[in-house]
Amino acid sequence: MEFVSPEGLRLDGRRPTEMRQLRAEIGNVAKADGSAVFEMGNTKVIAAVYGPREVQNKSQQMSDQALVRCEYSMANFSTGDRMRKPKGDRRSTEISLVIRQTMEACILTHLMPRSQIDIFVQVLQADGGTRSACINAATLALQDAGIPMRDIVTSCSAGYLNSTPLLDLNYVEDSAGGPDVTVDKVIYVDFALNGRVKASVLWDLWLYFGSYGLKET
Amino acid sequence: MEAKPSTANLVDKIVVPGDVVLDLSSMTNQTIKLGGGLRQECDSVSVIKAGKLRFSKPNKYWVESSQKRYVPCVEDTVLGIVVDCKADNFFVDIRGPTIAFLPVLAFEGGTRRNIPKFEIGSLLYVRVVKANPGMNPELSCTDASGKAAEFGLLKDGYMFETSTGLSRMLLSSPTCPVLEELGKQLSFEIAVGLNGRVNAESPSTVVLVSNAIMNSESLSAVQQKIMVDKLLQRIK
């Protein structure tokens, strides 16, 4: 199947280095201390942050820093076919871990010892790039909650199809079977916190493309 | 990859975590005081909380931010809700990371014989005495000299929750426009806690007062006056 036409346009009319339209809102969840809705094209994600608050499980309490917990789930109606198990499956557990590690590296946890920060991210519409949208939404929600952070974390995905590196894949391009990478970066400090890569080929090229997309984010 | 962006003057502008506010390598022989929301990293001062950067002469910088969660600071006056009574302390919820303790003797003329009895759920106006990170904060119902001032139980009224930024605006002087406008036509009493809780008391217009205050957070002075006028016309 042709993902990039001979004129250089992708299936949705974008150029290879063009990102989808970004939209963000904060303060949507009234009960949460901080919340944000982030849209990347058709992918829509809502994040809610609670904390810092008392640790619920005293055995996990850390005396010198805050405990960061993250839960990623997809709504049943978020994908084309209704999902049977929104959370608890392997993919969700892996993505929860990835988001937790990324945000923990950025939050100044030593300022809030013996407390807990909960990040809940739910995908409302999935069209590729849900992992990136979740990290972007979680960053905004943490800022809305006033939790001290070193820097803003941004995330973007990139892939390689029809011999062309592509930025910000949607669902069709993501499931095409080519390699793809998601890069999370911190804006000014300039190091990659987390990178997931399905094939090891052309790592440098993707890192470059992923970073290019992050500057736009 | 790219050079650090130049530290344009960000005072009174909205800043986000990671913004570099000051470049210390170009400022020598100066003492600068950093308040909340700023952190020093080697040669630069960067922001850790999103908000508006403020500067007060001669040398104080801080970030003013408004959140729902309160971070306890010493000498803040807050509104707390009693959640439990133990032998030595009352456990009071002040919307912070941990429950605060109010010693049973921290009242004017408090002795073991006349310990006050608060029901669970009572609203108290208290002062924060100790607020160390990682420890439960400690409260007191007296001012620094031991007098009761106006601390203690708030019996009547309607309590609602706002953000910390709005409580600071209500307590600012000169009086904030929404309170001034309401005061011209109505009589009411409010107790404002820096933790985002406000208790409003009024003989018949409590709901109007509380709605006016809750709506006024993101409005400018002129917009606040217009909003209050519109609400007041409803009761005429």
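The model is predicted, and the predictor gives the complex an ipTM of 0.78 and a pTM of 0.83. Chain B averages a pLDDT of 87, and its area buried with chain A comes to about 2,100 Å².

**Confidence**

- In chain B, 97% of the residues score a pLDDT of at least 70.
- Please take care with residues 1–6 of chain B, where pLDDT stays under 50.
- For that stretch, residues 1–6, the model has eight contacts beyond four places in sequence.
- Where pLDDT is low, predicted coordinates should not be read in detail.

**Where chain B meets chain A**

- On the chain B side, 22 residues are in contact with 29 residues of chain A.
- Carbon and sulfur atoms give 55% of the area buried between the two chains.
- The count of salt bridges between chain B and chain A is one.
- That salt bridge joins the side chains of B:Arg69 and A:Asp33, at 2.8 Å from N to O.
- By class, the side of chain B that touches chain A has ten nonpolar, six polar and six charged residues.
- Eight residue pairs, both members at pLDDT 80 or more, are in polar contact between chain B and chain A.

**B:Thr164, in a helix**

- You will find B:Thr164 in helix H1 of chain B, which covers residues 164–170.
- B:Thr164 counts as buried because its relative accessible area is 6%, and the cut-off for buried is under 20%.
- Setting aside neighbours within four places in sequence, B:Thr164 is in contact with B:Ser65, B:Ser66, B:Gln67, B:Arg69, B:Tyr70, B:Leu194 and B:Asn195.
- One of these partners, B:Arg69, is also the chain B member of the salt bridge to A:Asp33.

**B:Pro137, in a loop**

- B:Pro137 lies in the loop of chain B between strand S11 (123–130) and strand S12 (138–140).
- With a relative accessible area of 1%, B:Pro137 is buried too.
- B:Pro137 and B:Pro72 are 65 residues apart in sequence, yet their C-alpha atoms are 7.1 Å apart in space.
- B:Pro72 is one of the residues in contact with B:Pro137 once neighbours within four places in sequence are left aside.

Terms used: Residues numbered from 1 in each chain as written. Chains lettered and ligands numbered in written order. Heavy atoms only, no water. Helix = DSSP H or I, 4+ residues; strand = E, 2+ residues; numbered from the N terminus. Buried < 20%, exposed > 50% of the residue type's maximum accessible area, 1.4 Å probe, protein only. Contact = heavy atoms within 4.5 Å. Buried area = accessible area lost by both parts, 1.4 Å probe. Salt bridge = Lys/Arg side-chain N within 4 Å of Asp/Glu carboxyl O. Polar contact = N/O pair within 3.5 Å; in protein donor to acceptor, adjacent residues only side chain to side chain. Nonpolar A, V, L, I, M, F, W, Y, C, P; charged D, E, K, R; others polar. pLDDT = per-residue confidence, 0-100.
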